[in-house]
Structures are given as structure tokens and as C-alpha cells.
Amino acid sequence: MNIRAQFPILDTQVHGHPLVYLDNAATTQKPQRVIEVLDGYYRTLNSNIHRGAHHLAAEATERYEAVRRQVQAFINARHNYEIVFTRGTTESINLVASSFAKRYFTGDDEVIVSGMEHHSDIVPWQLAGATLRPIPFSDEGVLDLEAYEKLFTDKTRIVAVNHVSNTLGTVNPVKQIVDIAHAHGVPVLIDGAQAISHLKVDVQELGCDFYCFSGHKMYGPMGVGVMYGREELLDEMPPYQGGGEMIETVTFERTTYNALPFKFEAGTPSVGDVIGLGEAINFMQEVGVDTIAAHEDDLLRYATEGLKEIPGARLFGTAPHKTSVLSFLIGNSHPYDVGTLLDQLGIAVRTGHHCTQPIMDRYGIPGTVRASFAVYNTREEVDIFLNALKRIMPMLI
Ligand code: 7TS
């Protein structure tokens, strides 16, 4: 199977060079089959779901609900109604933080996060009124689990950590983190935004209470994401938004709510994008998540070795268990300058704090340059990237 040929955007030229797309942690590109499903949806199926008596509405509803079952199987959730469609990881975490806080916060509440969280797993908890207790991490980017254990108090309401760090690439020991939290009687939310396209995720095996991810980081469309939540908790939690679809009965005096998952899906969802996400999962399963992981690990190792040979290169995130992300600085050059010079050569990387300012503070740096890999990247592209770095070196020092 020629994987690259399935991604039309990879034929793009940038500043007269073939595109080398190494910004996959920000968003992955989409295979032709996902683009065709989106196109086909708007050509032949577009309709609002769940409430129409007509053919298109019934068909669109069936396709939408079929993806819910597909996601359930993909992450091995116990029930299809534990899968809630959202706009993405950010909305998923905001939903949980807002609703969980209404149900379980008492006014003096702590949330344990990791020191390497994306802002979208920090700010929603602050908005909910929590005091954050961050788990420290080593210079290599490994969480200190002994320190973690000591963070629990009688005010700890939930632990919220990422499965994979978008800045350091660390694969965190989330099963262990869950086991420790549960031993304290505390539930766990996992931000899976960076894990879902690289690792096999089994929410029952992990034992987590919530698992959140975005379609656009797993070869699917923007505008759709998933919030998995355990039935027992979701049943207890109040709706996040009010509107159509999430109700059972409405009067001016009192409203009763719909069953799961509809209680959490107010308004018209992005139906076409959900159906596109289903096709992205088909793509990932046909290639094989293990195959994807093995290929990306090879690229990461190859790029890491190559980068170490570049004078003045400093790597951030050298944990033994990593995936797909290479964050670095060259000498004292500003990351943005490196990114701009690489762009002139057709190479797309991301620069800055990657929405993880606490990580930058931890290392005392303004940001990093980040190359991140997907299944369609090649060793040849890594060579182009490394050679480009060597070429721009004289302009940086
Ligand atoms: N959590 C993690 C770990 C992320 O990497 C991201 C996005 C999010 C949450 C938010 O996901 P969204 O789809 O709702 O935006 N990370 C990045 C990134 O690293 N560069 O651009 C977006």
C-alpha cells in the first residue's frame, strides 16, 4: 500500500520546494478517502440528524451513530453511549471540567495535573475554580511518580494528565497514574490528543474515567472530537450546554434531560466531520496502529540520531518511552528564526511554546522548534530536514 500517494496535499510545492510536512502534532493531513467521504456527505447525504422523518435524515443519523459504535470499538469502551462527540480535545476537556466541577467540587478543590500539560488541560480546571497541583518531571521529561503520590489530599477531586506530551513526546505511564489515583478514590481524565494516532488505546485496560481526543490529529477532519466517559460518572454529571437534542421534556418551569450520550450533545453536531472521522479510523485500522507506531518510532530514532550530530543542537524530551515528537533548539538561536528558514526550504515545523508554557518555564527557554512525524513521513524527508538544518546553521550563529 502506497501511503503517501493517498495524501494529495503531500504533492504541494512550498517556495519552490516539495513540501516536507513535519507539523503532525499540530494536525495531521487527510487521506483522499476522508476527503471523498466529506465531499460525498455534502453531495448526497447532508441532513440534520435524529429528528427528521425523511430518508436523508434517517440515513445521516445511521451513519453518525455507526461512527459512535466504531469509536467505541476503536478505544474499547464498554458502551456506545459512553462516546460523546465534541469539537475536539479542547471542548471535551472543557465539557468534563465544567460539568464535573458542578457535580463534585465543593468550593475548596484541587486537581492534580502533570507539569507537561497542554494549556487545554490546565485552563478549563482553573475556570472551574480548582487549585492545580502539578506533577514535576525530570530533565529528560519523565514524570516523578513518587512526587505524584504525595500530591493527593482530601481536596483532590480529579487527576488530569496527558497520555503523550505534545512538546516532549513522552509517553506517560497512564495506567500506573490511574491505578494510584483510584487507590486514593480519585477519578482520572486522560488527554489523549497526542496518543490516539500513535498508540493502541484501550480505555477499559487503562481503567481511566475520561479519555479525550481530536479527529484532526488522527487523519480525520477538523471540527470533531471525542469525550469518552465512564457511564457511572456521566450519569451523575449535569449537561454542559443546553439546547436541542439534550432534553427529554421542556416547560418554562422545568426541563428534564435526555439519556446518554445525547445529554451532552446539545445542538446540531458536525455530522459530516463525524462521518469523516469514521473513515479516518478505517484508514488507521487498515494500515494498522502497530505498523504506524513502528514506522514513526523508526523516524524518531533516525531523526534523533541525526540531530545529535548537529553542533549546538539541544534536545528537549529524552524520555526512554517517547513517540513522534522531536523538540530542540540550535545554539542560542530563536526557534522562530529556525522555523522561518526551514519554511523557505519547504519544511513545515512548529515553533514556540506549543501551548505548554509551564514546560518552557521548567527549562528556562522561550520555546522550541518541533518536528513531529506521521505515518506518511519518510527517512528521505528526515534527511532533507537534517540537511536543511546544517545548511541554515551559518545564518543562525
Ligand atoms: N492536548 C494536547 C496534548 C494537544 O497536543 C493539543 C493540541 C490539545 C490538547 C488541544 O487539541 P485541539 O484539537 O482541541 O486543539 N496540540 C497542538 C499542538 O501541539 N500544536 O498545535 C496544536
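Modeller: A polar contact is a pair of N or O atoms within 3.5 Å. Here, a polar side-chain atom of Thr90 lies 2.6 Å from an oxygen atom of the ligand. Ser214 has a side-chain N or O atom 2.7 Å from a ligand oxygen, and a polar side-chain atom of His216 is likewise 2.7 Å from an oxygen atom of the ligand. The protein covers 86% of the 490 Å² of accessible area that the ligand has on its own (Shrake-Rupley method, 1.4 Å probe). This is a predicted model, in which local features need pLDDT of at least 70, side-chain atom pairs count only at pLDDT 80 or more, and totals for chains, interfaces and linings use all residues. Residues are numbered from 1 along each chain as its sequence is written, and side-chain values use heavy atoms, with hydrogens and water left out.

Colleague: How many residues surround the ligand, and why does it lie between domain 1 and domain 2?

Modeller: A residue is near a molecule if one of its heavy atoms lies within 4 Å of it. The ligand is surrounded by 15 residues, and Asp191 and Arg370 are among the closest. Because domain 1 (4-30 + 288-396) and domain 2 (34-286) both contribute to this shell, the ligand lies between them; the bounds come from an automatic or database domain assignment.

Colleague: Which backbone features deserve attention?

Modeller: Most residues other than glycine have a negative phi, and most peptide bonds are trans. Leu260 and Pro261 are joined by a cis peptide bond, with omega about 0 degrees. His354, not a glycine, has a positive phi of about 55 degrees.

Notes: Polar contact = N/O pair within 3.5 Å; in protein donor to acceptor, adjacent residues only side chain to side chain.
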